[in-house]
Amino acid sequence: MLEALHLYKRYVQGHWYSRNRFYVTALDNVSLNIGPRSTLALVGESGAGKSTLARCLSRLEEVDSGAIRLEGRNLLSLRSQELLAARRNIQLIFQDSAAAMNPRFSAAEIVEEPLLIQTRMTRRALRQQALALMEQVGISPQSERRPACEFSGGQRQRLAIARALILKPRVLILDEALSSLDSATQEQIMKLLLDLQVSLSLTYLFITHDLRLAAGMADHIAIMQAGRIIESGSISTVFLTAQHPYTRLLLATIPGIQTDPSTSIQREQ
Amino acid sequence: MPYLVRRVFSSLFLLFGVSLLTFVLVDFAPGEFFDEMRLNPQISVKTIAGLRSQYGLNLPLPVKYLHWLKSVAKGEGGFSFAYNSPAAPIIWQRAQNTLLLTGTATLFAWLIAIPFGIWSAARPGRAPALLAGGTISTLLAIPDLVLALLLLLLAVRSGYFPVGGVVGLDFSQLGPWSKFKDMARHLFLPSLCLTVGFLPMLLSHIRASMVEVLESPFIAAARAHGIPLRRLLLIHALPAAANPLISLFGFSLGILLSSSLVIEGIFGWPGLGQLLIEAILERDFYLVVDAAIFATVFLIAGNLLADTLLYALDPRIRAE
Amino acid sequence: MRIPTKPRLAIAALVVSHGLVLLAGFFAPYDPASQDRELPFAPPTRIHFIDGQKKLHFRPFVYQLRADLENDGGYYEDQSRTHPLYLFSSGHLFGTDPSAKVFLIGSDAYGRDQFSRLLYGGRISLFAGLLATAVSLSLGMILGGLAGFYGRWLDDLVMRTTEMFMALPWLYLLFAVRAFLPLHIAPNGIFLLLITVMGVIGWARPARLIRGVVLSAKERDYVLAARGFGASDIYLLRRHVLPQALSVAFAQAAVLVPTYVLAEVVLSFFGLGVSEPTPSWGNLLASLRQYNVLESYWWMFVPALALIPVFLAYYSLFSYYGYYSVGGTAATEFAAARMGPRTIS
């Protein structure tokens, strides 16, 4: 469904006129492949480049080289008109829901905004769609006019999901979408996401630093470190037979995971 | 070090730009000093033309500007037609009068504002804070023009405060103590007016800054250690609150020349502001330009001083 | 800090005062230029209900003032005739018959009604402030908005220029620029000129503030999210950035208007603004520069006192609207800005 091929991206730090500028490599030959209706978890610590990858895949930032293919079509070669249409297919959900929504907007306004930007539907039609989606994610349509700042964290994430879904995308990129929630709410949202994945045939790229969440949501996993993908495969393969020392280090932090007895690092149950 | 050097350079550049800007405006200005003369049929056109070329008024703009720059370097700063002498000495003399006025007012304003501000911050919600807040709000609502007029009325009614001039007519014949009294009586009302004008800004900044510092954790810790209030305020809190106050101080210095325009006009104080007004009415352009630029120099210098002080006193800025 | 309550009183006061001066033709009993050479510096007319014969009238009345020949410059009331006050007479709110005058706040050297002149003069002074503020804010919003949104060299350019404007002492600059314009200009011309000059000189501080707001709004995640939906720059500016900027702009307006009103008053006071015979609060006060007027005719002071409620009202407005957008106490900002449209740090 979604393929990234040999992506490179560098940042320049420092003013354009100062002497000590330096380059930071955010993405270093990154390649991934996510099959349709599946979930790939992308795991790594902060600064590994996960969010950069997420933004590049959704064309919010540009890569320096490489290709991004959605259902075979190369996204990077699209003109602006086609790009506009293509944006509907990949949507991004942010970690900090409060920052990702204009606090003055009401719930319904937030959800309908993508449609407002992309289509020329009437106000009523927009509102209808928004309300329908709100119901689907579990927000009561009564809160139509409540300003975004008055919702709880979990509710805001539901709104974010509704907003992302209103354009009927194929792929959802969840950039640490559960990380700022408490565990009970995490469970609820995770369940919602899994249900939606089935009912709407969605493909997920689930970015997180928490391996347990990754195990709960995904069937495939890729580990990222310093801008590189160091290991990838299905969850069971990677968890049980981790090759890279970094992966093993990550896995060792989770109590109750047993890796291959033939390797030297293992934890007792 | 390079930070300061950069600041000085940018200030000089700024000054240069400002002088150029004002000079361009002079050139575009309709009307000039000799317009009055033109109306007088007894003065021939040739005389006026001769005067104009003598003063270089018919030269193109860049040349005029260069001449003026040279003149500034010589210490003359162009020529005042009304006074028939170089402009700079006149400016300087008037500026001294202004500095006397504003310096006194600024000094008193700070002397009142610092203790009052600290005290009212230390006791929030009680009498001092309310008094301070009330004072600020009241004073903010009264424009300095109104206050000046009221005080002028007082001066005229009481007859005790002479108006017009820095000193009386018989100044030179007075003994030293009488001289001082004479000057003080002339100075009192205008500087009172200015002080009252400065107070709201100083007071509210000092109060706001102190309140913010007093609410911070390290003050709470110090208080828990049992440090007495006065020591707490002066030695612990005040230095931490100093940054915005230093900027404020630089600003106070910067406006020493320009803040008294209205007051001087009303009380007849022979300062730079009054000179500006006169020069405008006389169409004496070099005087106008010089006065404006001189006041700007002060403002830029004041800000520069504040930046320098901050740099020297606050290690956090040096670390940037 | 206490959260300020919506300043209803201040808004009402401002609406009323601006309405009064706009409709000066109705509220003022006399034409501002009409003179009465027999009544120079007449004190405010007393309104009576009981006449010399102790009779009560339902309709209030006034006596005609006559020059008191013994008391030089004084007046006595001619009680031989009562002149009733009429409401809604001949297109004015109140008035009396032509043989007497009702000077609510006295008359000036030419016998012109100060109350009427106050109202007509308020038009000039108050609206000069409002319009100049509109100019400054528009310039500030456009330039500051563009600088904040598009950044880089445009931002640098705008910021350097604002620094230059803010390095100049504002009032001095205003006076200096005024110097370079013709001394005597027709009333309409000087009004527009003052507005333009004040507005243009004062663009710098609003521009910096707006630029700051736009810059921070631009970096927000919700702007990024909207881009992800394909939003254009114009859409982002319109729906996400502008509303934030507006609240800052509004608070700025509450500070700028009184500053500009005062500037017009000061300029006219010194003869550099609106000149006779057109009234403005500034030139109404100019007569106070003569000591005999200052001492003897207290009613000439009233235009000065009229400024105080205007300032108070704008200060309340600023405290309220500025609370949400500007940091620090309102007094600090207001006081700093009163020194001219520039910042300290």
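**Figure 1. Chain B as a whole.** Buried residues account for 39% of the 320 residues in chain B. The model shown here and in the following views is predicted. Chain B contains 15 helices and two strands, and its C-alpha trace spans about 85 × 55 × 40 Å along the principal axes. Among the contacts in chain B with a separation of 6 or more, 73% are between residues 24 or more positions apart.

**Figure 2. Packing of helices α9 and α10 of chain B.** Two packed helices are described by the angle between their axes and the distance between the axes. Helix α9 (residues 217-224) and helix α10 (residues 229-240) of chain B pack at an angle of about 145°, and their axes are 11 Å apart. The crossing of α9(B) and α10(B) is right-handed. On the side of α9(B), the contact is made by B:I219, B:A222 and B:R223, and on the side of α10(B) by B:L232, B:H236 and B:A237. Four residues of this contact are nonpolar, one is polar and one is charged.

**Figure 3. The contact between chain C and chain B.** In this view, 45 residues of chain C are in contact with 46 residues of chain B. On the side of chain C that touches chain B, two or more residues are given by each of several helices, including α4 (152-166), α5 (170-179) and α12 (302-325) of chain C. The largest share of this side, eight residues, is supplied by α5(C). The side of chain C that touches chain B comprises 38 nonpolar, four polar and three charged residues.

**Figure 4. The largest nonpolar core.** This core has 257 residues, and those touching the most other members are A:F206, B:A148, B:L276, B:V288 and B:A291. The largest share of the core, 19 residues, comes from α9(C). When residues up to four places away in sequence are not counted, B:A148 touches B:C193, B:V262, B:I263, B:I266 and B:F267.

**Figure 5. The open sheet of chain C.** Strands of a sheet pair through backbone hydrogen bonds, either parallel or antiparallel. In chain C, four strands form an open sheet in the order β1-β2-β3-β4, with antiparallel pairing. Strands β1 (48-50) and β4 (92-96) of chain C stand at the edges with a single partner strand each, so one side of each has no neighbour in the sheet. On average, neighbouring strands of this sheet are turned by 45° against each other, direction ignored. Strand β3 (residues 75-89) of chain C pairs with β4(C) over four bridges in the antiparallel sense. C:L87 stands opposite C:F94 in β4(C).

**Figure 6. Helix α1 of chain A and the residue A:R59.** Eight of the eight residues of helix α1 (residues 50-57) of chain A are buried, so this helix is largely enclosed by the rest of the structure. The buried residues include A:K50, A:L53, A:R55 and A:L57. After α1(A) comes A:R59, in the loop between α1 and β4 (65-70) of chain A. Phi of A:R59 is near 60°, a positive value in a residue other than glycine. A:R59 counts as buried because 20 C-beta neighbours lie inside 10 Å.

**Figure 7. Positive phi at A:E176.** A:E176 is not a glycine, although its phi is positive, about 55°. A:E176 is found in the loop between β7 (171-175) and α6 (183-200) of chain A. With 20 C-beta neighbours inside 10 Å, A:E176 counts as buried.

**Figure 8. A cis peptide bond in chain C.** The peptide bond from C:E276 to C:P277 is cis, and its omega is near -5°. C:P277 is found in the loop between α9 and α10 (281-286) of chain C.

Key
Residues are numbered from 1 along each chain as its sequence is written. Chains are lettered from A and ligands numbered from 1 in the order in which they are written. This is a predicted model: local features need pLDDT of at least 70, side-chain atom pairs count only at pLDDT 80 or more; totals for chains, interfaces and linings use all residues. A residue is buried if 20 or more other C-beta atoms lie within 10 Å of its own, exposed if 12 or fewer, and partly exposed in between; C-beta atoms are placed from the backbone. Axes are lines fitted to C-alpha atoms, for helices over the stretch in contact, and angles run from 0 to 180 degrees between N-to-C directions. A crossing is left-handed if the near helix is turned anticlockwise from the far one by less than a right angle, and right-handed if clockwise. Two residues are in contact if their C-beta atoms, placed from the backbone, lie within 7 Å. Ala, Val, Leu, Ile, Met, Phe, Trp, Tyr, Cys and Pro count as nonpolar, Asp, Glu, Lys and Arg as charged, and the others, Gly among them, as polar. A nonpolar core is a set of buried Ala, Val, Leu, Ile, Met, Phe, Trp, Tyr and Cys residues joined through C-beta atoms within 7 Å. Two strands pair if DSSP finds at least two bridges between them.
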